[in-house]
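Dear colleague,

Please find below the structure that I am handing over to you, together with its sequence. My findings follow directly after it.

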Amino acid sequence: MVTDRLENEIVGEYLLTARSLAEYRAMFALTDAELSGHILDCPGGAASFACEAVEFGARTVAVDPVYAQPAGELRETALADTDRGNAWSAAHTGDYLWDFYDGDPAVHRQMRHRAVRRFVADLVACPQRYVEAGLPSLPFPDKEFDLVLSSHLLFTYADRLKPDFHLAALLELARVSAGEVRVYPLVEHSGAELTDLVEWLRAELDGKGIRSELRPTAFYEFQRGARDMLVLG
Ligand SMILES: C[S@@+](CC[C@H](N)C(=O)[O-])C[C@H]1O[C@@H](n2cnc3c(N)ncnc32)[C@H](O)[C@@H]1O
C-alpha cells in the first residue's frame, strides 16, 4: 500500500524539512521584538527561518549535522522530503488541521518549496550562518543566545531518540541560552501524545534548577493536538 510505503520511508530517517518564518512565528508565538536578538535555530534543517528573521533585525545561527553536505545535495533532499512529508499529510488528512495552510495541502507544499529555495540561496550566500553540529553538544559558549528555538526533532522522533537524549539535548539548549528555550511540538511524528516523557523531563529539569512551562502556540496546530510548546527559562 502507498501509505505503508510512505510510513516506512518517513519512520526510517529524519526528514529534512523546510519550515518558513511564518510557521516559526506561529509555532513559537514569536513577536516582532523577539526577532531582534541573537537567535539559535537547532535543528535548522532546510528551514528559511534563519534567513528570513535577519530581515527583521535578528542575528541568527542555524545548527544541523546535515550542513556537512553540499548545498546542491541539500536542495534535492529537502525538495524530495518536502514532497514525501506533504504526500504523507495529505494521505492522512484527518490527522492534521489545515487551517494555517488555507485548508489546502498544495499551499503547504508551495510554502515549504519556497522555504527550501530561500534556505539554499542563503546557505550559499552566508555559509557562516549555518553550523554543522548536533545535539547534545553545541560549539557555543554558555548564554550565547537571547533565544533558542528547536522545532521537529525532540519529541517528534521520540520513537528513536531516548529520554536520556532528550534530557541531555534540553540541558545543552538551556546552557547556550541567556533567555528562553522554546521546543515544539510535544507529540511524536505519528501524532502520539508524550505526556509521560514531557512530565519526566520537566521534573528532571526542575531538579537541576531549570524552570519550565507549557505555553500555547499562536493558534498553530497542524498535527492534531500539537497546541503547546515547552519553554525553559
Ligand atoms: C524534521 S527536520 C526539522 C528542521 C526544521 N527545524 C523545521 O522545522 O523544518 C529534523 C532535523 O533534525 C536534524 N537532526 C538530526 N539529528 C540531530 C542532532 N543530533 N542535532 C541536531 N539536529 C539533528 C536532521 O538533520 C533534520 O534536519
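In what follows, contact means heavy atoms within 4.5 Å. The model is a predicted one, and the notes below should be read accordingly.

I begin with helix α7, which covers residues 195–207. Its buried residues pack against α6 (163–175), β6 (212–216) and β7 (228–232). The residues of α7 that are buried are Leu197, Val198, Leu201 and Leu205. These four lie on the same side of α7, because they cover an arc of only 95 degrees around its axis.

The length of α7 agrees with expectation, because its 13 residues should span 18 Å at 1.5 Å a residue and its end C-alpha atoms are 18 Å apart. After α7 comes Gly209, which has a positive phi, near 80 degrees.

Helix α6 also deserves a description. It consists of 13 residues, and the distance from its first C-alpha to its last is 18 Å, close to the 18 Å expected at 1.5 Å a residue. Buried in α6 are His166, Leu167, Ala169, Leu170, Glu172, Leu173 and Ala174. The elements against which the buried residues of α6 pack are β1 (38–41), β4 (145–151), β5 (177–184), α7 and β7.

Phe155 is located in the loop between β4 and α6. Its relative accessibility is 0%, so Phe155 counts as buried.

Finally, I turn to the cysteines. How many disulfides does a search of the whole structure find? The search returns zero. For Cys42, the closest cysteine sulfur is that of Cys51, 18 Å away, which is too far for a bond, since a disulfide requires sulfur atoms within 2.5 Å. Cys51 is likewise in no disulfide, and the nearest cysteine sulfur to its own, that of Cys126, is 7.9 Å away. Cys42 is buried, with a relative accessible area of 3%, and Cys51 counts as buried at 11% relative accessibility.

With kind regards

Key. Residues are numbered from 1 along each chain as its sequence is written. This is a predicted model: local features need pLDDT of at least 70, side-chain atom pairs count only at pLDDT 80 or more; totals for chains, interfaces and linings use all residues. Side-chain values use heavy atoms; hydrogens and water are left out. Helices (H or I, at least four residues) and strands (E, at least two) are DSSP runs, numbered from the N terminus. The expected span of a helix is 1.5 Å times one less than its number of residues. Buried means under 20% relative accessible area, exposed over 50%, partly exposed in between (1.4 Å probe, protein chains only). The arc is that of the directions from the helix axis to the C-beta atoms.
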